Amino acid sequence: MALVIYDQGYRIQTPVKSMFAPRGVEQLAASARTAEAGVDRDHEKDHVDQIMHHESGSQTKGNARKAASVYSQTSGSSTTLEHPRSYIPASLIMTHPVQAVLQGSKIQSALYKMKQHDISHLLVLSGAGRLMGVVTEKLLLQYLSYQGAQSHSIEDTIEQCYSTQVITATPDTNIRQLAVSCVEHQLSCIPIVQDNGNLAGIITRTDLLQSLINNEWLDSR
């Protein structure tokens, strides 16, 4: 499972975080996780120390010391197995087939297609079918509302209304990771692309919220 960047229609190997810096959420979350891990380790170590102090008998003390030794060797690298319910692949909640427009399409056509399908996102494809970007209703309306020296019209093309660098995900990516990415990078949707580059679907923030309500994938452990 992975997040992948497409730039100008081609998959690139650059890590997502090096091109799309988190908006402060990751740093806060990392600090919270570090603090929580430190408290947990201190609590567990105190518990082990109490066992060593109160248990009687040389064999019992030896076992306690062994447990403390094992703890000290593994506490820094221990991993928590993910609860099965917490793993939901993107393929289960994505919308497909995907609605798209071709490069060079007029804004009027894009807005009409959004209204026709009651959606607010369209993938932008090249003539060869490569993913070139994502255009949203919000971006189109922002472009049309721009007040400058040259007025903008619905007869203009969509080419000034989207970025050619797109964060995508593979169908097996955990939707937890997608939710975090939407918050970190302020994404309203994430295209789902297979390893061979074929479009598989799209997931929006609305899809993630509906999944949260229906499947409770953020339940406490």
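Author: We start with a helix and its cover. What covers the buried residues of helix 4 includes strand 3 (100-102), strand 4 (121-125), strand 5 (131-136) and helix 5 (137-144). Covering rests on contact, meaning heavy atoms within 4.5 Å. Helices (H or I, at least four residues) and strands (E, at least two) are DSSP runs, numbered from the N terminus.

Reader: What kind of model is this?

Author: It is a predicted model, where local features need pLDDT of at least 70, side-chain atom pairs count only at pLDDT 80 or more, and totals for chains, interfaces and linings use all residues. Residues are numbered from 1 along each chain as its sequence is written, and side-chain values use heavy atoms, with hydrogens and water left out.

Reader: How many helices and strands does the protein have?

Author: The protein has 7 helices and 8 strands. Of its 221 residues, 33% count as buried. Buried means under 20% relative accessible area, exposed over 50%, and partly exposed in between (1.4 Å probe, protein chains only).

Reader: Back to helix 4. Which of its residues are buried?

Author: First the general idea. An α-helix has 3.6 residues a turn, so residues three or four places apart point the same way. Now the case here. Helix 4 spans residues 107-117, and its buried residues are Ile107, Ala110 and Met114. Down the axis of helix 4 they fall within an arc of 65 degrees, so they line one face of the helix. The arc is taken from the directions from the helix axis to the C-beta atoms.

Reader: Which residues of helix 4 are exposed on the other side?

Author: Tyr112, Lys115 and Gln116 are exposed there. Asp118 follows helix 4, and its phi is positive, near 55 degrees.

Reader: How do I read a core?

Author: Look for linked nonpolar side chains. A nonpolar core is a set of buried Ala, Val, Leu, Ile, Met, Phe, Trp, Tyr and Cys residues joined through side-chain atoms within 4.5 Å. The largest one here has 17 residues, of which Leu178, Ile192, Ile203 and Leu208 touch the most other members. Strand 6 (165-169), helix 6 (175-184), strand 7 (189-193) and strand 8 (199-204) each supply at least two residues of this core. Helix 6 gives the most, with 4 residues.

Reader: What is Leu178 in contact with?

Author: Set aside its neighbours within four places in sequence. Leu178 is then in contact with Leu3, Ala90, Ala169, Thr173, Ile190, Ile192, Ile203 and Leu208. Apart from this core lies another, of 13 residues, among them Leu122, Val135, Tyr143 and Tyr162.

Reader: And empty space?

Author: Rolling a probe the size of a water molecule over the atoms shows where empty space is left. On a 1 Å grid over the protein atoms alone, a cavity is a set of points where a 1.4 Å probe fits but cannot get out, and lining residues have an atom within 4 Å of a point. By this rule there is 1 cavity of 30 Å³ or more. Its lining is Val4, Tyr6, Arg11, Thr168, Ala169, Thr170, Val193, Gln194 and Asp195. Strand 1 (3-7) and strand 6 each supply at least two residues of that lining.

Reader: Is Thr168 buried or exposed?

Author: Thr168 is buried, with a relative accessible area of 0%. Thr168 sits in strand 6. Leaving aside neighbours within four places in sequence, its contacts are Ala2, Leu3, Val4, Tyr6, Leu131, Ile190, Pro191 and Val193.

Key. On a 1 Å grid over the protein atoms alone, a cavity is a set of points where a 1.4 Å probe fits but cannot get out, and a pocket is an open set with protein on both sides within 12 Å along at least five of seven lines; lining residues have an atom within 4 Å of a point. Grid points are joined across faces, edges and corners, and a volume is the space filled by probe spheres set on the points.
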